[in-house]
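Take a first look at this protein chain. The text below walks through a sheet, then the helices beside it, then the chain as a whole.

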Amino acid sequence: MAEEMPVWHGTTILSVRKGGKVAIAGDGQVSLGPTVIKGTARKVRRIAGGSVIVGFAGATADAFALFERLEAKLEQYPGQLARASVEMAKEWRTDRYLRRLEAMMAVADATTSLTLTGVGDVLEPDDGLIGIGSGGGYALSAARALLPIEGMDAETIARRSVEIAAEICVYTNTNIIIESMDTA
């Protein structure tokens, strides 16, 4: 019987929109099977001259290829994150090379938050919260519980929610990177 290759696991990405801010937080752990390969990966970045925040879950090289594609679409459709995302998702589904990319993205600008997937989904959350990756569901649950608490801003909710996910998900750590911006 052939031995199976270990699977790349993990990440937790959370987007929170509250009180005039949007924040995307991501942990820094990269795992191969049961082994932590790196604890300080940067999975949250700004693109489009800093006007869009992107967090990714999945294979790193695939995510960078998708960042470049999304940035090209944003150059084609400046200030139109939803349209650029839909156009990129169409390419992602139909292009032979892109179709094989394994990643999910949470993207946000001053007005819009979206989840982008390799099956062509471009989803806007009803509550301003997005959770992706192996710990995304845990972080999303924590954020939903924290969202109505007065005095907790988007960044605080994002950080605490990813910390909670790290307590539960073995593929998530507490080396958290957060990018945020004011909303319209």
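In this predicted model, start with an open sheet of four strands, in the order β11-β2-β3-β12. The pairing is antiparallel. Which strands stand at the edges? They are β11 (129–132) and β12 (177–182). Each has a single partner strand, so one side of each has no neighbour in the sheet. Neighbouring strands are turned by 10 degrees against each other on average, with direction ignored.

Now follow one pair. Strand β2 covers residues 13–18 and pairs with β11 in the antiparallel sense. Four bridges join the two. Look at Leu 14: its bridge partner in β11 is Gly 131.

Next come the helices. Helix α5 (residues 154–168) packs on the sheet. There it touches β2, β3 (21–26) and β12. The direction of α5 makes about 150 degrees with that of β2. Helix α4, residues 136–146, lies across β2 and β11. Against β11, α4 runs at about 160 degrees.

Step back to the whole chain. It has five helices and 12 strands. The radius of gyration is 16 Å, close to the 16 Å that the globule rule gives for 184 residues, so the chain is as compact as a globular protein of that length. Along its principal axes, the C-alpha trace spans about 55 × 40 × 25 Å.

What share of the 184 residues is buried? The answer is 46%. The chain exposes about 9,100 Å², and carbon and sulfur atoms supply 52% of that area. Contacts also reach along the sequence: among those between residues at least 6 apart, 62% join residues at least 24 apart.

Terms used:
Residues numbered from 1 in each chain as written. Predicted model: local features only at pLDDT ≥ 70, side-chain atom pairs only at ≥ 80, totals over all residues. Heavy atoms only, no water. Pairing = 2+ DSSP bridges. Axes fitted to C-alpha atoms, helices over the stretch in contact; angles between N-to-C directions. Contact = heavy atoms within 4.5 Å. Rg over C-alpha atoms; globule rule 2.2 N^0.38 Å. Buried < 20%, exposed > 50% of the residue type's maximum accessible area, 1.4 Å probe, protein only. Areas by Shrake-Rupley, 256 points an atom, 1.4 Å probe, with all protein chains shown as cover.
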